[in-house]
Amino acid sequence: MSELITASNLDVVIKKNREIKDEVLAQAINLQTNPSIMKVASAPQLAILILQGFGLVQMPIEDKFLSGAIYVKEGKIIPVVNTALPRANQYFAAWHEIYHLIFDKVSFDHFIGTDNMMEERKAECFAACMLLSGVDRYFTDLPEMDFISKIFHCMATFQAPYKAVLVSLYEIAKQSENEKLCDRIKEVFDLQFEDLPDRFRMLGLDDSLVRPSYVVNTSSLKERIKKSMEENPELNYHKDNEEYLTNIMTEITMITGRGE
């Protein structure tokens, strides 16, 4: 799980980002310049499509600190995205988990240590690279309006969470020694908005970005099981996989009151 970023540890986070930025940016550019990948969809939706290839499970989880995860069991790797969080958080979480699936060589050893925590920071930095490239220029070019409204416009355009936008802007402000912007970002960094959809609508922005989707979807995982059965019909554990999946979905539906 990623560290909780607040105004008090923001400078520490930015310092860590500087140490890994070149490596992570190169990984992001490698994906962004792959025409067979990037031409399929915009960055937020593309992340979901990529995870579906790994058997993505989308489900609401009543834990606001758990945006996504990758479950490893008996050699099987299953990405999960928490749909009880706003869609912006889901998109960011999806790119975070894609980093772990494609580039992370440490975390799946299940050893929680310094290397593992740095991989979490790399995953966060990677997600920001995929979603927020150019956010500083967009922010600067916005017409005159209050600071918070500018941040909301950045969220809407780049389809990214509030704090992710602020971290990216703070990073650039630090590099350019814009202390006024740094101070302003810290002032609003820890704000909580209970009426975020209302604020988006007042600005003429699509409020679905800051609402949960509550999707329950295991179709990608089911498709992988089906494909495996077709490719290896002689193996006898496929039925166990299907029954295991059915039991999980029954429990989810009972808890959430939502089906596929």
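## Overall composition

The chain has an accessible surface of about 14100 Å², and carbon and sulfur atoms account for 53% of this area (Shrake-Rupley method, 1.4 Å probe; for residues, only the protein chains shown count as cover). The model is predicted: local features need pLDDT of at least 70 and side-chain atom pairs pLDDT 80 or more, whereas totals for chains, interfaces and linings use all residues. Residues are numbered from 1 along each chain as its sequence is written, and side-chain values rest on heavy atoms, with hydrogens and water left out.

The secondary structure consists of 12 helices and 3 strands, taken as DSSP runs numbered from the N terminus (helices: H or I, at least four residues; strands: E, at least two). Of the 260 residues, 46% are buried (under 20% relative accessible area; exposed is over 50% and partly exposed in between, with a 1.4 Å probe and protein chains only). Among contacts between residues at least 6 apart in sequence, 65% join residues at least 24 apart, a contact being heavy atoms within 4.5 Å.

## Aromatic residues

The whole structure contains 10 aromatic pairs. Rings of Phe, Tyr and Trp (its six-membered ring) pair if their centres lie within 6.5 Å; planes under 30 degrees apart are stacked, over 60 edge-to-face, and the rest tilted. One of the pairs joins Phe152 and Phe193 edge-to-face, with 5.3 Å centre to centre and 80° between the planes. This pair links distant parts of the chain, since Phe152 belongs to helix 7 (residues 147–158) and Phe193, 41 residues away, to the loop between helix 9 (179–188) and helix 10 (196–202). Phe152 is buried because its relative accessible area is 2%, and Phe193 also counts as buried, at 18%.

Trp95, Tyr99, Phe103 and Phe126 form one aromatic cluster. At Phe139, the charged end of Lys150 sits over the ring, 5.1 Å from its centre (NZ of Lys or CZ of Arg within 6 Å of the ring centre and within 35 degrees of the ring normal).

## The loop at Phe54

Phe54 lies in the loop between helix 3 (43–52) and strand 1 (57–59). With a relative accessibility of 29%, Phe54 is partly exposed. Its C-alpha atom is 7.0 Å from that of Pro79, 25 residues apart along the chain.
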